[in-house]
Amino acid sequence: MMLSFFEKIGFTLKTWTSIVTDFLHLNLQTQYWVIFGPSRNKPVRSEAVFDQMVFMGAKSIIIVFFVTFFTGIVLAMQSAYQLQKMGAVMYVSSLVSISICRELGPVLTALVIAGRIGAAITAEIGSMKVNEQIEALDTMGINPVRFLIVPKFLALLFMLPCLTVIGDVAGILGGYLVGVYNLKINAALYLQTTYKFLTHKDIYTGLSKSVVFAMIIAMVGCYQGLKTSGGAVGVGKATTISVVTSFILIIVADCIMTGIYYFSNL
Amino acid sequence: MVSQEKKVAISVQNLTKSFDGRRVLDGVSLDIYQGEIFVILGGSGCGKSTLLRHMTGAIRPDAGKILFYGKDVTSLTEDEKEKVKRRFGMSFQSSALLDYLNVEDNVSLPLREHTQLDAKIIKVIVGMKLNLVGLHGFENLMPNMLSGGMKKRVGLARAIAMDPEVVFYDEPTSGLDPVVCAIVDKLIVDLSKKLLLTSIVVTHNMESVYRIADRVAMLHKGQVLEVGTPEQIKNSKNPIVQQFIKGEIEGPINYVE
């Protein structure tokens, strides 16, 4: 069937509108069950949330640590290369700590978790979808959003900021090693400057970003999982789309939030 | 006379549904009586699974009604629907057990979600239900350790966990060897008699039909061709029905077109 140019535009627009509305609807449903679940005598099972927290949080510590640790090292070396020319090597510490806490810690942690956890969420829910397990839950009168998605959402909402804190510390540690052992800055002085220049705002803007990133990863992962169709190939496709979408949305959200903090002087 | 007539449990009226412009159900009307085993028969893609999913409330129809004891279930709110769903049980073609839960947790899932019963009592109920399907003692196995027939039976135990009034079976014997088929068929008849269930079975296995059915409906291209006892269906004059139940290649049913 040949479509005219305008028909194609209309068709694309229609598909995208339905994707966006479905996605927002899923978000609303999830928040509904988080808020009204307990009062309707259907609270989220704490064991389910706890299981997810172990899987998402505790088991991601090592990979988050390594990614941010080495980024801290690279960042220190690259900035030292520039600062040496101006004789300002001292400021490596504040440069590393501030850029890690405000930007690289939250974003890199979120990207790592989107790859590790976002993919796992989509693959799990997607294969449940193609094996009729989601339909089975629905037929038993068990709401799949409340039963499957809310525990994942809550667990990630809590664990991603925690992992971000670990990432921040690891990044600062990486910078410290370069500063103290390579640039020969006095260890106490290095820590002192880090502490002096790092403000509360740097920490909480970073952590508030990671909360938003957690929502993006969980909801995109669950949405793509629930939308999966077409057997094993479908699960593979959905997982890829989930990770790519999360990556893009994380970067876009980061840009927007940085802009808000920058212009509003929050 | 009226009092002797059987009570209609589910009444499907003029059900119509299209997917992407293709009409899958085209004005289906059926009455299913309380306590009978009603088999919906038909070839691949004739709309029989779609019909079943309408009855369980998984799909909304384009037009038509489904009455469950006189109440239209297609126009209920989500909360009302959930209440009706608790009176249903469903056994899925792929068993649809949650693969991260063991047999006991799978069967007890609806009880834990819908009732405030004590864990001990739930354990007793689960034991009872597993006993009914002949799987007592398999509580701690994971679904991937079970054979196809056992999975079907666990699925069945889960379907009857909440003491439903109606149980739906989607292809209960597909992919099973003839002996296990016979076992599952016997189980369907047994459960239906012991628990006074209304059973609705979707299948294309003719042997099963003769073993279990009280009444049969033959579906073809989204329409009901014939409803009757297995005997009546066997002696039907309709060439489509005859070709289907005998499994002949030549005839009015043509999958190639």
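## Exercises on a predicted two-chain model

Chain A carries 18 positive and 12 negative side chains, and the centres of these two sets lie 7 Å apart. The model is a predicted one, and the exercises below should be read with that in mind.

**Exercise 1.** Describe the secondary structure, overall extent and burial of chain A.

*Solution.* Begin with the elements: chain A has nine helices and zero strands, so that the order from the N terminus reads α-α-α-α-α-α-α-α-α. Next take the extent, for which the C-alpha atoms of chain A fill a box of roughly 65 × 50 × 35 Å along the principal axes. Then turn to burial and contacts: of the 266 residues in chain A, 47% are buried, and among its contacts with a separation of 6 or more, 85% join residues 24 or more positions apart.

**Exercise 2.** Locate A:K184 and B:D163, and state for each the phi value and the exposure.

*Solution.* As background, most residues other than glycine have a negative phi. In A:K184, however, phi is positive, near 60°, and this residue sits in the loop between α6 (144-182) and α7 (187-197) of chain A. A:K184 has a relative accessible area of 65%, and because the cut-off for exposed is over 50%, the residue counts as exposed. For B:D163, phi is also positive, near 50°, and the residue is placed in the loop between α5 (148-159) and β7 (166-170) of chain B. B:D163 is exposed as well, with a relative accessible area of 57%.

**Exercise 3.** Work out how B:F68 pairs with B:Y69 and with B:F88.

*Solution.* Over all chains there are 14 aromatic pairs. One of them joins B:F68 and B:Y69, whose centres are 5.1 Å apart with 65° between the planes, an edge-to-face arrangement. B:F68 is buried at 4% relative accessibility, whereas B:Y69 is partly exposed at 27%. B:F68 also pairs with B:F88: the ring centres lie 4.9 Å apart and the planes stand at 75°, so this pair too is edge-to-face. Because B:F68 belongs to strand β4 (residues 63-68) and B:F88 to strand β6 (residues 88-91), the pair ties together parts of chain B that are 20 residues apart in sequence. B:F88 is itself buried, with a relative accessible area of 7%.

Terms used: Residues are numbered from 1 along each chain as its sequence is written. Chains are lettered from A and ligands numbered from 1 in the order in which they are written. This is a predicted model: local features need pLDDT of at least 70, side-chain atom pairs count only at pLDDT 80 or more; totals for chains, interfaces and linings use all residues. Side-chain values use heavy atoms; hydrogens and water are left out. Helices (H or I, at least four residues) and strands (E, at least two) are DSSP runs, numbered from the N terminus. Buried means under 20% relative accessible area, exposed over 50%, partly exposed in between (1.4 Å probe, protein chains only). Contact means heavy atoms within 4.5 Å. Lys and Arg count as positive and Asp and Glu as negative; His and the chain ends are not counted. The place of a charge is taken as NZ of Lys, CZ of Arg, CG of Asp or CD of Glu. Rings of Phe, Tyr and Trp (its six-membered ring) pair if their centres lie within 6.5 Å; planes under 30 degrees apart count as stacked, over 60 as edge-to-face and the rest as tilted.
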